[in-house]
Amino acid sequence: MFIDVHCHLTDEAIRANLTKLIEDAKNSGIGIIVTSGLGYEDCLKALEISDYKMIFPSLGIMSYELEGYESVLNLIEKNAKKIVAIGEVGLDFHISVKSDKELQKRVFKEFITLSSDLDLPLIVHSRSAGRHALKILIECNAKNVIMHAFDGSSSHSLIGIEKGYFFSIPPSVVRSVQKQKLVSKLPLDNILLESDAPALSPVPGSTNVPSNVRISAEVVSKIKGISLKKVEEITTENAMRILRIRA
Ligand SMILES: [Zn+2]
């Protein structure tokens with residue numbers, strides 16, 4: 001089976017068809033899906049829809065909509081035993097985002113500290129801020145890290161690789177030269193698969209779905225010159241190790 005380490009099943013675009021999308025995912029060989037809450041209300045929904053058989057929750061917040069982030073910190077503390085990760089959390093320095101960078105960094109550090117205190121892995125968002133996010137993670141001595149849909153240069157990924165961080169590859173890898181370069185640089189031991197559904201679809205503008213994790217796996221298989229079976233085996237082993245999920 002494949003593991004989708006990061007997506008948003010509580011998103012409206014997904015939730016309306018959830019039963020079918022889960023069925024499709026199963027039929028594509030996806031055995032486990034981690035759904036990431038974004039903000040307090042969405043985190044409650046993520047907890048609610050988790051069945052702890054196929055769907056597991058992680059709790060976080062949009063890096064640039066940080067109002068009320070303290071309530072998310074509290075919710076994580078209260079549910080520490082029920083969740084497989086903290087996230088997504090991180091930085092978003094994209095040109096379209098009008099949010100105070102210093103505030104983002106400060107809040108990100110609070111989530112990193114909490115992840116160390118609770119011994120939970122972090123799923124990190126770092127749009128247009130890959131280098132900055134890695135720098136802070138290393139400064140804060142973060143140990144168990146998943147860099148989701150990393151859009152930094154593959155040379156910057158090296159410092160994360162050295163620290164044993166994981167990089168989860170979304171289906172948009174099929175149309176992104178940057179992500180293909182990243183895959184070619186990453187050792188297999190640092191690779192995970194994600195859909196980030198409904199975002200990062202293989203086809204621009206369409207709604208992404210968890211079953212597309214198979215597309216990520218196919219691209220990794222092609223770039224690495226190994227069988228799809230091997231990609232499945234290694235990425236699933238990696239994911240189970242960091243998320244501490246037992247099949
Ligand atoms: Zn996401």
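User: In this predicted model, at what angle do helix α8 and helix α9 pack?

Analyst: Helix α8 covers residues 177–185 and helix α9 covers residues 213–224. In this predicted model, their axes lie 9 Å apart. The packing angle between α8 and α9 is about 60°.

User: How do the residues in the contact of α8 with α9 divide into nonpolar, polar and charged?

Analyst: On the α8 side, the contact is made by Q180, V183 and S184. On the α9 side, V219, V220 and I223 take part. The division is 4 nonpolar, 2 polar and no charged.

User: Which strands stand at the edges of the open sheet of 8 strands?

Analyst: The strand order is β1-β2-β3-β4-β5-β6-β7-β8, with parallel pairing. An edge strand has a single partner, so one side of it is left without a neighbour in the sheet. The edge strands are β1 (2–7) and β8 (191–193).

User: Which residue in β5 stands opposite G90?

Analyst: Strand β4 (residues 85–92) pairs with strand β5 (residues 122–127) in the parallel sense, over 6 bridges. G90 belongs to the range of β4, and the residue opposite G90 in β5 is H125.

User: At what angle to β5 does helix α6 run?

Analyst: Helix α6 (residues 130–139) lies across β4, β5 and β6 (145–148). Relative to β5, helix α6 runs at about 145°.

Key:
Residues are numbered from 1 along each chain as its sequence is written. This is a predicted model: local features need pLDDT of at least 70, side-chain atom pairs count only at pLDDT 80 or more; totals for chains, interfaces and linings use all residues. Two strands pair if DSSP finds at least two bridges between them. Helices (H or I, at least four residues) and strands (E, at least two) are DSSP runs, numbered from the N terminus. Two residues are in contact if their C-beta atoms, placed from the backbone, lie within 7 Å. Axes are lines fitted to C-alpha atoms, for helices over the stretch in contact, and angles run from 0 to 180 degrees between N-to-C directions. Ala, Val, Leu, Ile, Met, Phe, Trp, Tyr, Cys and Pro count as nonpolar, Asp, Glu, Lys and Arg as charged, and the others, Gly among them, as polar.
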